[in-house]
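Me: I have a structure open and would like to go through it with you. Can we start with the overall picture and then look at details?

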Amino acid sequence: MLCPESWNVAPPQHHFSIDRSNFTKPGVSAIIKNHYFNHSISVILPDTITIPNSLRKCQEDTDYYRVNGLRVCDLVDGEFIEAFVKKGEINLLTIENKIDLQNSICITPTGHLILSLVTEDYQALGLEGKASSFEPHTRYVVTIDLKNESFVAGRKNYERVRVALKERLKENFDVIVSWDPPEANICPSSVAAWFCARDYNVCLCQQSFSQRSEYSQTIPTVQDEHLDQLFEWFGIFSINGDLSNEKRNDYVSTYEYTGPSTDVGQVQYLQWTGFFTRQKVQEIYDVLKEYVLSRKDLPWLSFDVQGFADSPISWNLKEHMFFTDGDNSYTVVLQPNGKSVIRKSLSSNNRLRRCNVTNSLLNV
């Protein structure tokens, strides 16, 4: 029987970066600003009994919409671009499509329409794009700047794009959409009304919220030499894992934190799930920043944001893919002294490296 030495095969890489900064400066806001499609927000508040009212108010006006069977050509409609792309910030993303296997589209708040297409559909479309950065090169990415001054009806480039999307891209997409208007007196639901007027099936979606309280907890302290353990603890706490540090025979479920720690009376865990624009994420972050500065006795608080696994992009316009997972997330730890730790996590899209595998012949 032939048995490969599978233990010599290196696992796919996962990209992490950790930065330390003063959160009163714009470093954290830049990460929020450049991460467009946010699926969940989690907050850990140690030594906290009552949730600040300002944080609860962040749940207001967070509705978004699902549009079924969207024709991509309608996204380059002049009225749509003028009303929602050039004014305010539009956020639109394909859902329920696998980014590594199927076509996907999105519109970023910067006004870029991105088409991530399998090779056959890209070749049929006839628009200029670039091959995927990830191997094997089985898909292409087309980026259209909807805010470009020359991208207007009657211009050659606009008409070429409109005709290609209307006549050669036959697939319709189920998408979620959220619009942040330029002024507070304009209703965000205007974008839903626009799609309804064109006979689309539009559904109202609402963010889900959950809260959990844990009592008499031992929590980590923020120490540079134990940051990996700190973020590991965040993950275990978020999934309600066993943090008792008791010795047990059940190896599978045993976890022990060995870094520096402190005891607190109560820890609050809050989680919002749905579709969040960068403006809504920034709003929650600003509330947390004010809260931690008002609580000088607070050890820290953590703020975690998870992106969509099948999003065509991660940060800015950086192409994203799904291989072993589709992680694109970041976690921010804030302390009352103004210090912060920022951890970015991005799944590897590299295929497994080819390596020499030695087969052993075993006599059975």
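Predicted model: local features only at pLDDT ≥ 70, side-chain atom pairs only at ≥ 80, totals over all residues.

Me: Fine. How many helices and strands are in the protein?

Reply: The protein has eight helices and 17 strands.

Me: And how much of the protein counts as buried?

Reply: Of its 364 residues, 47% count as buried. The accessible surface is about 18500 Å², and carbon and sulfur atoms hold 48% of that.

Me: What share of the contacts is between residues 24 or more positions apart?

Reply: Among contacts in the protein with a separation of 6 or more, 78% are between residues 24 or more positions apart.

Me: Let's take strand 5. Buried or exposed?

Reply: Six of the six residues of strand 5 (residues 89-94) are buried, so the strand is largely enclosed by the rest of the structure.

Me: Which residues point which way from strand 5?

Reply: E89, N91 and L93 point one way, I90, L92 and T94 point the other way, and all are buried. In a regular strand, side chains alternate between the two faces of the sheet.

Me: What does strand 5 pair with?

Reply: Strand 5 pairs with strand 10 (residues 173-180) in the antiparallel sense, over six bridges. Within that pairing, I90 has W179 as its bridge partner. Strand 5 also pairs with strand 6 (residues 104-107), again antiparallel, over two bridges. There the bridge partner of L93 is C106.

Me: Switching to F209. Where is F209, and what does F209 touch?

Reply: F209 sits in strand 12 and is partly exposed, at 32% relative accessibility. Leaving out residues up to four places away in sequence, F209 touches Q59, L270, Q271 and W272. For Q271, 62 residues away along the chain, the C-alpha to C-alpha separation from F209 is 5.7 Å.

Me: Now charges. How many salt bridges?

Reply: The count comes to twelve.

Me: Start with D224. Which residue does D224 form a salt bridge with?

Reply: D224 forms a salt bridge with R20, with the closest N and O atoms 3.2 Å apart. D224 is in the loop between strand 12 (208-220) and helix 7 (227-238) and R20 is in strand 2 (residues 14-22), so the pair ties together parts that are 204 residues apart in sequence. R20 is partly exposed, with a relative accessible area of 48%.

Me: And what about D47 and R295?

Reply: Their side chains meet in a salt bridge at 3.6 Å, N to O. D47 lies in the loop between strand 3 (38-46) and helix 2 (53-56), and R295 in the loop between helix 8 (278-294) and strand 14 (301-307), so this pair ties together parts that are 248 residues apart in sequence. D47 is partly exposed at 29% relative accessibility, whereas R295 is buried at 17%.

Me: Which residues are linked in a network with R295?

Reply: D47 and D297 are linked with R295 in a network of salt bridges.

Me: Last one. Where do E159 and R162 lie?

Reply: Both lie in helix 5 (residues 156-167), three residues apart, which is about one turn of the helix. E159 and R162 form a salt bridge, with the closest N and O atoms 3.0 Å apart. E159 is partly exposed at 24% relative accessibility, and R162 is partly exposed at 29%.

How values were computed:
Residues numbered from 1 in each chain as written. Heavy atoms only, no water. Salt bridge = Lys/Arg side-chain N within 4 Å of Asp/Glu carboxyl O. Helix = DSSP H or I, 4+ residues; strand = E, 2+ residues; numbered from the N terminus. Buried < 20%, exposed > 50% of the residue type's maximum accessible area, 1.4 Å probe, protein only. Contact = heavy atoms within 4.5 Å. Areas by Shrake-Rupley, 256 points an atom, 1.4 Å probe, with all protein chains shown as cover. Pairing = 2+ DSSP bridges.
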